[in-house]
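Dear colleague,

Please find below the structure that I am handing over to you, together with its sequence. I would be grateful if you would read the notes with the model open.

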Amino acid sequence: MAYGTDMWCFYDRLFIGGEWVRPASTNTIRVVSASTEEVIGAVPQGNETDADAAVAAARRAFDDPTGWSTWSPGQRADAMLRLATALDKYSGITAIRVSSQNGMPLSISKQTEAVMPATLLRYYAGLIRDIPVEERRPSQVRGTTAVHKEPLGVVAAIVPWNFPQSLTFFKLAPALAAGCTVVIKPSPETVLDAFLLADAVEEAGLPPGVVNIVTGGGRTVGAHLVNHPGVDKVAFTGSTEAGRTIAEQCGRLLKPATLELGGKSAGILLDDVDLARSMRSMFAATLLNNGQTCFISTRILAPEHRYDEVVEAFTAMASSLRVGDALDSKTQIGPVATARQRQSIEAYIARGKNEGARITTGGRRPADLDRGWFVEPTIFAEVDNGAAIAQEEIFGPVLSIIRYRNEDEAVKIANDSAYGLGGTVWTADTERGLAVARRIQAGAVGVNGFTLDHGAPFGGVKSSGLGRELGPEGLSPYQQLKSVYLPA
Ligand code: NAD
């Protein structure tokens with residue numbers, strides 16, 4: 001359904017109920033390259049009527065007495081593997097579309113957006129074959145009780161722009177495995193990759209209505225889905241602000257919701273850290289995707305007696321990074337996703353200076369790049385943990401280095417945050433690192449690196465969210481439990 005070349009792509013229909021259907025309005029979303037500021041594509045801008053059609057299609061598919069939700073786990077797993085194979089074909093163009101839209105360096109989108117969707121489908125297809133959906137237990141009273149894990153129903157998957165495909169499949173893969181049907185609402189900034197997913201769903205021959213995609217300009221379509229009586233569960237990744245609104249609405253409706261929200265994680269460098277060695281993994285742990293990654297350690301906690309050494313190492317690392325067009329394979333830092341995002345980052349940089357922190361490198365727009373929403377990788381030293389740049393999520397290539405006196409104080413500073421998503425500990429002694437990691441209030445912590453493991457639960461505490469995605473634990477939010485008593 002795409003017209004023109006892959007770099008200038010237009011769609012005039014939405015993928016709903018297994019068909020490319022005419023949207024309810026003639027409004028469009030124009031997608032702009034973060035690197036060049038040029039328009040690279042346009043898609044229909046869905047509205048509430050389109051969302052209603054998508055929910056109705058997902059509802060029909062779910063309620064079909066011989067449909068997807070009633071298939072055996074093995075049948076669903078086979079279909080998921082077909083979808084994974086179809087997605088493999090699109091992996092190269094998926095990486096290009098994501099990087100063009102949100103500025104993610106191509107080297108990163110090739111390792112994440114291009115491969116994570118199929119990887120997660122294969123992983124959850126394997127799990128649903130292996131984990132029984134019915135367990136018979138001896139009753140504590142009389143006879144036996146059968147405990148069923150049933151698919152929860154129609155899921156609204158609402159996704160942000162920073163890792164649009166990976167975060168879609170954090171939701172879609174377990175939802176499909178469980179037997180749910182899904183309406184995906186991508187971010188307006190990154191809609192083009194979602195249409196490739198629609199192409200793959202069509203090619204894989206998934207039953208009509210099992211996967212539907214509805215676009216939306218602002219938050220109207222997402223909010224409509226959250227409140228829709230035909231939607232049984234909301235799976236959301238995005239800002240804490242939107243997450244709170246969704247939680248309130250779901251609370252009122254008693255609708256389950258998984259919320260993966262913002263972060264302001266700490267990277268604690270212990271006093272025994274081998275700095276030169278650690279710096280090799282530090283870029284990915286602190287600045288991945290131009291700093292637009294929810295779990296990265298953007299507060300660097302350095303021991304007082306090694307503070308200057310740490311500031312020097314981070315300054316050298318940040319100033320050596322190659323900043324440029326996201327599609328250049330040598331680029332390490334691309335542009336941030338939108339003009340609005342850059343404005344917000346620049347406001348934080350100004351605020352950091354006003355708060356008395358010292359910029360050791362960066363802080364401006366790169367002089368040699370006059371197009372695209374670029375910000376130089378920026379390091380702030382002498383940051384107080386109470387400062388706005390240490391407490392608020394900047395979502396750009398900006399790190400704050402904070403001084404601590406002893407290990408207890410480092411843990412205290414790390415936990416002195418409204419957020420609790422990720423974190424890292426850097427040390428010559430892994431067991432010591434593990435002991436410190438246990439004391440950090442966060443859903444996922446790495447020792448000497450942060451490698452997101454799709455076989456383990458991921459999610460936040462405090463203002464970073466509710467619930468977990470990934471791992472076997474990421475399947476259960478899409479299932480509900482029913483006990484059948486067999487007393488005879
Ligand atoms: P956002 O909250 O503005 O939007 C995310 C998605 O939700 C978009 O599709 C948007 O259209 C929709 N939306 C916004 N408000 C809504 C509402 N009230 N009801 C329903 N839908 C709504 O976030 P963003 O700016 O696109 O993404 C960046 C944020 O996401 C950052 O704060 C980042 O930390 C967070 N994030 C978190 C994780 C995680 O796993 N915890 C991962 C990636 C990004």
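The notes that follow cover the ligand and its surroundings, then the pockets, and then the cavities.

The model is a predicted one, in which local features need pLDDT of at least 70 and side-chain atom pairs count only at pLDDT 80 or more, while totals for chains, interfaces and linings use all residues. Residues are numbered from 1 along each chain as its sequence is written, and side-chain values use heavy atoms, with hydrogens and water left out.

The ligand

The ligand is surrounded by 27 residues, the closest being Val-159, Lys-185, Ser-239, Leu-261 and Glu-393; a residue is near a molecule if one of its heavy atoms lies within 4 Å of it. By class, this shell holds 15 nonpolar, 8 polar and 4 charged residues. In this scheme Ala, Val, Leu, Ile, Met, Phe, Trp, Tyr, Cys and Pro are nonpolar, Asp, Glu, Lys and Arg are charged, and the others, Gly among them, are polar. At least two residues of the shell come from each of α8 (220–227), β11 (233–237) and α9 (240–253), where helices (H or I, at least four residues) and strands (E, at least two) are DSSP runs numbered from the N terminus.

Polar contacts are pairs of N or O atoms within 3.5 Å. Lys-185 places a polar side-chain atom 2.8 Å from an oxygen atom of the ligand. For Ser-239, an N or O atom in the side chain is 2.6 Å from a ligand oxygen atom. A polar side-chain atom of Glu-393 also lies 2.6 Å from an oxygen atom of the ligand. On its own the ligand has 840 Å² of accessible area, of which the protein covers 91% (Shrake-Rupley method, 1.4 Å probe).

The pockets

A volume is the space filled by probe spheres set on the points, which are joined across faces, edges and corners.

The ligand sits in the largest pocket, in the sense that more than half of its atoms lie within 2 Å of the grid points. This pocket holds about 1000 Å³ of space. It is lined by 39 residues, and those closest to its centre are Trp-161, Arg-219, Gly-238, Ser-239 and Ala-242. Elements that each supply at least two lining residues are α8, β11, α9 and α12 (339–354), and α9 gives the most, with 6 residues. The lining has 17 nonpolar, 15 polar and 7 charged residues.

The second largest pocket has a volume of about 560 Å³. Among its 23 lining residues, Thr-112, Leu-288, Phe-295, Phe-450 and Leu-452 are the closest to its centre. The largest share of this lining, 4 residues, comes from α10. The lining divides into 14 nonpolar and 9 polar residues, with no charged ones.

The cavities

There are 6 cavities of 30 Å³ or more. The largest cavity has about 80 Å³ of space, and of its 14 lining residues, Gly-263, Ile-296, Thr-298, Glu-393 and Phe-395 lie nearest its centre. About 70 Å³ lies in the second largest cavity.

With kind regards

Note on methods: A polar contact is a pair of N or O atoms within 3.5 Å; within protein, one must be able to donate a hydrogen and the other to accept it, and residues adjacent in sequence count only if both atoms are side-chain atoms. On a 1 Å grid over the protein atoms alone, a cavity is a set of points where a 1.4 Å probe fits but cannot get out, and a pocket is an open set with protein on both sides within 12 Å along at least five of seven lines; lining residues have an atom within 4 Å of a point.
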